[in-house]
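Colleague: Could you take me through the helices of this protein and the charged pairs around them, with the criteria stated as we go?

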Amino acid sequence: ATDFDLDGNGVLDDVDAAASNTNLQYAIETWAAAADTQELFIYMVDHGGSGTFRMAGFEILEATKLDGWLDTLQTAMTGRVIMIYDACRSGSFIPLLTPPAGKERLIFASAGPDEESIFAAQGRISFSYIFWAEFFNGNPFYECFKRAAQGVGIAYSTQMPQIDCNMNGVPNETEDITKAQTVHIGLEKLSAGDFPLIETISEPQTLNGETSAVLFAQNVVDADGIARVWAVITPPASGTIDPDDPVTELPIIDLVDVGGGRYEGVYDHFILKGEYDIGIYATDHQGMTCNPYPTSVIQLKGLKGDLNEDNLVTLTDAVIALKVLSGMDTADLLQTDYITSGADVNGDDIVGLSEAVYILRYVSEL
């Protein structure tokens, strides 16, 4: 939409045109060229696919089209194009946006070509949120990218931001990083505002079947005061099935001020076997959110009734339980020792009728 007053001057003049392929093409090939542009900066964020970008509604922008528009501009423009792209599979644009010979085009992507991008906690946990928070605080461009990459890496380790600045289509090379540090947008003047600091957080923990653990942050400080302290929990194997789908939901708990500079909370759903990545955040009264402080919880036992360790309790598990009960071979179904997997629901160190009944009741939601 174009009717936004983003700068608070009472005039709806902050969005030049609706998001469309036609308007973007005009902005690149005509407006930027007519303005005698020395350097062009582009930022795109929305849904992405392999070599595609959701411009608006049912309109899709192909990377090859964007490449053509940029080529047209750069045949006449002397300076370079710098682009930040935050979407699922954003890294797939890197080999498709090669500039004309002798021209510079620096691409910063929030995820790999086959990775989803995270936009959780109403967007606060995302590459874009962290990048722009750092940017508007006055940090250098590459430092903003690096902190954004670190931030999403803590919250969602399967997302790996990429840069290609030497224009060979291969991301994250040493030369890419060196050239990225030559990018300067704006004054890069650090503001008086700061990000909250956390002195210590809860150490990594190991659970042996218990499903809850205390998470805490100690000595959380900020000159503007602390508005919220919270933790984001990334369960094992939490990636989406389709890398075209962004990750928008992760478990979040608030850590409550219990006095003495300590904030704590209990998460009681550590039910899957494996390692939970946890990021602890603090937000001040100016809306500044610090990069996550990382910790973890390892659960040694799996979901009750999950005999094949797929982190689900289904009829397959009931079949395995009945086969075990009948003395049939389950080597092709049972993935590990059922006792350590958490499948032994009544603690008698065997899989029997109790487990089969439990699974059937679970599947039937009884």
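Predicted model: local features only at pLDDT ≥ 70, side-chain atom pairs only at ≥ 80, totals over all residues.

Modeller: Residues are numbered from 1 along each chain as its sequence is written, and side-chain values use heavy atoms, with hydrogens and water left out.

Colleague: How are α1 and α2 oriented to each other?

Modeller: Helix α1 (residues 21-34) and helix α2 (residues 63-74) pack at about 15°, with their axes 9 Å apart; helices here are DSSP runs of H or I with at least four residues, strands are runs of E with at least two, and both are numbered from the N terminus. The axes are lines fitted to C-alpha atoms over the stretch in contact, and angles run from 0 to 180 degrees between N-to-C directions. Angles under 35 degrees count as roughly parallel, over 145 as roughly antiparallel, 65 to 115 as roughly perpendicular and the rest as oblique. The two helices α1 and α2 are therefore roughly parallel.

Colleague: How do the residues of the contact of α1 with α2 divide into nonpolar, polar and charged?

Modeller: The contact, meaning heavy atoms within 4.5 Å, is made from α1 by Asn21, Leu24, Gln25, Ile28, Glu29, Ala32 and Ala33, and from α2 by Leu66, Gly68, Trp69, Leu70, Thr72 and Leu73. In this count Ala, Val, Leu, Ile, Met, Phe, Trp, Tyr, Cys and Pro are nonpolar, Asp, Glu, Lys and Arg are charged, and the others, Gly among them, are polar. The division for the contact of α1 with α2 is 8 nonpolar, 4 polar and 1 charged.

Colleague: How many of the residues of α3 are buried?

Modeller: Buried means under 20% relative accessible area, exposed over 50%, and partly exposed in between, with a 1.4 Å probe and protein chains only. The buried residues of α3 are Phe127, Ser128, Ile130, Phe131, Trp132, Ala133, Glu134 and Phe135, and they pack against β1 (40-45), β5 (81-86), β8 (125-126) and α4. Helix α3 is largely enclosed by the rest of the structure, because the number buried is 8 of the 10 residues.

Colleague: Is Phe136 buried or exposed?

Modeller: Phe136 belongs to helix α3 (residues 127-136). Its relative accessible area is 63%, so Phe136 is exposed.

Colleague: Which residue of helix α3 does Arg147 of helix α4 pair with?

Modeller: A salt bridge is a side-chain nitrogen of Lys or Arg within 4 Å of a carboxyl oxygen of Asp or Glu, and the whole structure holds 10 of them. In one of these, the closest N and O atoms of Arg147 and Glu134 are 3.0 Å apart. Arg147 lies in helix α4 (residues 141-155) and its partner in helix α3, so the pair ties together parts 13 residues apart in sequence.

Colleague: Which residues do the salt bridges with shared partners join into one network?

Modeller: Within helix α4, Lys146 and Glu143 are 3 residues apart, about one turn, and their closest N and O atoms are 3.5 Å apart. Arg147 also forms a salt bridge with Glu143, at 2.9 Å between the closest N and O atoms. Through shared partners, the salt bridges form one network of Glu134, Glu143, Lys146 and Arg147.
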